[in-house]
Amino acid sequence: MSTIQGGSPLEPKIGDGFDATALGEGRRGESQGRIIFRRFLKNRIAVVALFVYIGLIVFAVSAIGIGPIPGWWPTAYAQLNAQLNQGEPTISFDGGFSLGKHPFGQDRIGRDYFALTMRGIQNSVVVMLIIGIFATMLGVVVGSIAGYFRGWVDAVLMRITDVFIVIPALVIGAVVGKTSNGLGAPGLALLLGLVSWMVVARLVRGEFLTLREREFVEAARVAGASDARIIFRHILPNAIGVIIVSSTLLIASAILLETAISYLGYGIKAPDSSLGLLISQNQSAFSTRPWLFWWPASFIVLLALCVNFVGDGLRDAFDPQQRRFSLRKAKEPEDTVYGGQALTEVGLPPENER
Amino acid sequence: MVSFIARRVVVSILILLAASFIMYVLASASGDPLEDLNGSNSPNRQALIDARVQAQHLDVPPPLRWGIWLGGVARCVVPIMGGCNLGSTFSKQPVIDLLPQATASTIQLVTTAFVLAIVLGIILGIITALRVYTGFDYIVTLLSFFLFSLPSFLMAVLLKSFIALGYNDFLADPQIPPVTLALIGIIVGVVLQLVIGGTWKRRLFVFLGSGIATVVILWAMAATGWFTKPSLGPVVIIILSAGIGFGAVSLLAGLGNRRAWITAGINIVIAAIAYFSLQGLFNISSVGTLVILGIATLAIGLVSGAIVGGHDRGLMMRIGAITAVLSGGLVLLDRFLQSWYHYTQAVGGRPIATVGSQTPSLGGNVWITGLDSFTHLLLPTISLLLISFASYTRYARSGMLDTLNQDYVRTARAKGLPERTVIVRHAFRNMLIPIATLVATDVGALLGGAIITERVFAISGMGALFSSSLGSTDVNPVMAYFLVIAVTAITFNFLADLTYASLDPRVRVR
């Protein structure tokens, strides 16, 4: 992962899928942040994906409300209703758009599937965001301490990382998910976050290892800055690209992890709803009531696709020269190091999402 | 080097110990192991509970129970102590007896998908890298993003509902309506012209040629009842073998290389002779015979290449081996296809299965059982394939683009080498180095099986062992599963680092 260089203009090099000349780089008087933001805006797919993603969250939250606050949709997701027309979706487009009473249909016991799906989106988004934020925070803390202090601190922290990384994400996720029985979506997400910080930690550590040798850190140290100040004011802002990109990818794999665990039956439990759980409950009804499958399925794909596109756009924006594609298997470069540095003891097993 | 390996092994063992402890405690804490018994109303309930507590040491707290479990595992590692013991399941079966069967069915499931994903992924990745920023590149990129965002269970359920049902229904009345026929032809034409690229004249030619050829072939297949009684026959085998030979020669040696043509020709002729002479042997073949024939085919390819070789012996041996193995595969495929009709009759006309890994009590010779495995593993293999295939495509693409920007590629072009040589000999080989590491680390995850895919398709492999045992908080099989994947993951990561160091001399291990 190359670094975002402090003040020097990024060389406009024709990278992979990135037209440097079109972006007018090196314009005077622009901060790194603005340059990166502008580069992100140039990636239309990523911007659209971001808007779709936010729009979907707002829609799902406003539709059925949060906690005690009711939304604009009249039917609660747990409420049992009389079966209308075999529970078929009432949404229709012929003769003008009309929603009807149950636009997404009803499930076998008569619950409104629109409300269930919205609740599923809420839960899935809550899980993915909490995993993303919590695991990123953990990873940044571990990675920056290990990378900054090196020596035995680094050795100990990285061996702990290796311990967690040996267990495939889906396996430990299923075990943790089963343990979290009854904690609901936030509890599940926090526990899952506890076991998914490793990739971020290794990437951040690698970034810190390179950045701490740079001149500006040396200068800060000579000027008498404390360790905390160097970490927070000097190194961390320079590592923000790696952190943001890896946390987006983490979020993208988090939604698939959550749906997979719920599908296996160890995630969010029955009266509540999650997109993976809805598919798991209704896959046998595929031939008789296909809509019970299609609605949650398309929203899973839509959410994951949006996050992946946003992540890709961010990676391009932060790091246009090296566009290594690593969606699920973010493999860090220090795995094998040129020029005699030790190889990391245990590489990164690919996440077992299969 | 020795100290590096020794250090690695010691650290790996410590990591394994720590990870197994975490896993054991978490798995034990994940639920109540007596849940099913507590809920039962059998008269000897208390006796059953006591027996399970006794057998599983449930009276010991989990961290200490981990010690007991570890003692059993240690016996597996140290041979003199004897009595390898991974504990027993709730149904009093020793876990060590469950593992071989589960591992075997997992290996059977994942191997094909793994190999195909790598081969197809690399091929597609290279094509997109060579056609970078074209429509084809963007389509493949979008497609791989889509595949990344598709949860595996979703893919599996879709395959089950569409491919299996669709093809089985189609077989009941194998007629392709004209509209579908035209649509398939157009799709094939569009894709191929995107792959080939070039001027619009060439594209149009490719589009029309491939589209019309596809339509005609499919129509002929439907009209002659090929779908119910498929076979290749000698003519098609010879034509396809010639195509394989042509492909191997043009890719690896260039069309001007006479020795390459001779090597490929010899192997095609041998394949044609084998087709006629081996049919009798095939009818009484077992798996062992087929393995021997396969090895013989490879040997023929290598030997013919070595004899013709001259100064380019290695290259000729490769061409010979590729041609021989692929045309031999065609002969084999033909024999399998000949059994297809009998097989579909035996399973009631709906061959593509959606659950399990074999039809119970089917019997039959090696061809029938082979087809049976094929139809059962087809859908899970496709679903696994599509998932990992996307990431290999992306890695191969970015790897190839990186390599094509290197100075040695520019040098190779500058000294006037043909583009084929530059790509195949200079760029392709160096691109494979990072992929080799990726493959090695992926193998580690292979034995873990495919938890979700095994669940959807009801295959009793490692993943199923894990998820069903976790469901009843039966810790011993869960730990056995963990042990297998953790050991393979660590071993193959280690091998990956060594591979990288040996392939890329700039990397040193210390």
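I started with a cut-off: a residue counts as buried with 20 or more other C-beta atoms within 10 Å of its own, as exposed with 12 or fewer, and as partly exposed in between. I also noted that this is a predicted model.

**Entry: two positive phi values**

I looked up A:Arg150 and found its phi near 50 degrees, a positive value in a residue other than glycine. Most residues other than glycine have a negative phi, and that made me stop here. A:Arg150 sits in the loop between α3 (113-149) and α4 (151-166) of chain A. Buried, exposed or in between: what is A:Arg150? I found 14 other C-beta atoms within 10 Å, so A:Arg150 is partly exposed.

Then I turned to B:Ala458, where phi is near 50 degrees, again a positive value in a residue other than glycine. B:Ala458 belongs to the loop between α17 and α18 of chain B. Because B:Ala458 has 13 C-beta neighbours inside 10 Å, I filed this residue as partly exposed.

**Entry: chain A as a whole**

I counted eleven helices and zero strands in chain A. Of the 354 residues in chain A, 49% are buried. I also checked contacts in chain A with a separation of 6 or more: 69% of them join residues 24 or more positions apart.

**Entry: confidence**

For chain A I noted a mean pLDDT of 75, with 75% of the residues reaching 70 or more. Residues 1-24 of chain A have pLDDT below 50, and I found 44 contacts for this stretch beyond near neighbours in sequence. Residues 322-354 of chain A are also below 50, with 101 such contacts in the model. Among the elements of chain A, α5(A) has the lowest mean pLDDT, 80, while helix α8 (residues 215-222) has the highest, 92.

**Entry: helix α5 of chain A**

How many of the eleven residues of α5(A) are buried? I got ten, so to speak a mostly covered helix (residues 169-179). Among the buried ones are A:Leu170, A:Ile172, A:Val176 and A:Lys178. In chain A, the buried residues of α5(A) pack against α6 (184-194) and α9 (227-264). In chain B, their partners are α1 (2-29), α17 (451-456), α18 (462-471) and α19 (475-503).

**Entry: nonpolar cores**

The largest nonpolar core holds 173 residues, and B:Met479, B:Phe482 and B:Ala486 touch the most other members. I saw that α9(A) gives the largest share of this core, 19 residues. Leaving out residues up to four places away in sequence, B:Met479 touches B:Ser20, B:Met23, B:Tyr24, B:Ala27 and B:Trp69. Apart from this core I found another, of 25 residues, including B:Ile244 and B:Ile300.

Methods
Residues numbered from 1 in each chain as written. Chains lettered and ligands numbered in written order. Predicted model: local features only at pLDDT ≥ 70, side-chain atom pairs only at ≥ 80, totals over all residues. Helix = DSSP H or I, 4+ residues; strand = E, 2+ residues; numbered from the N terminus. Contact = placed C-beta atoms within 7 Å. pLDDT = per-residue confidence, 0-100. Core = buried A, V, L, I, M, F, W, Y, C linked by C-beta atoms within 7 Å.
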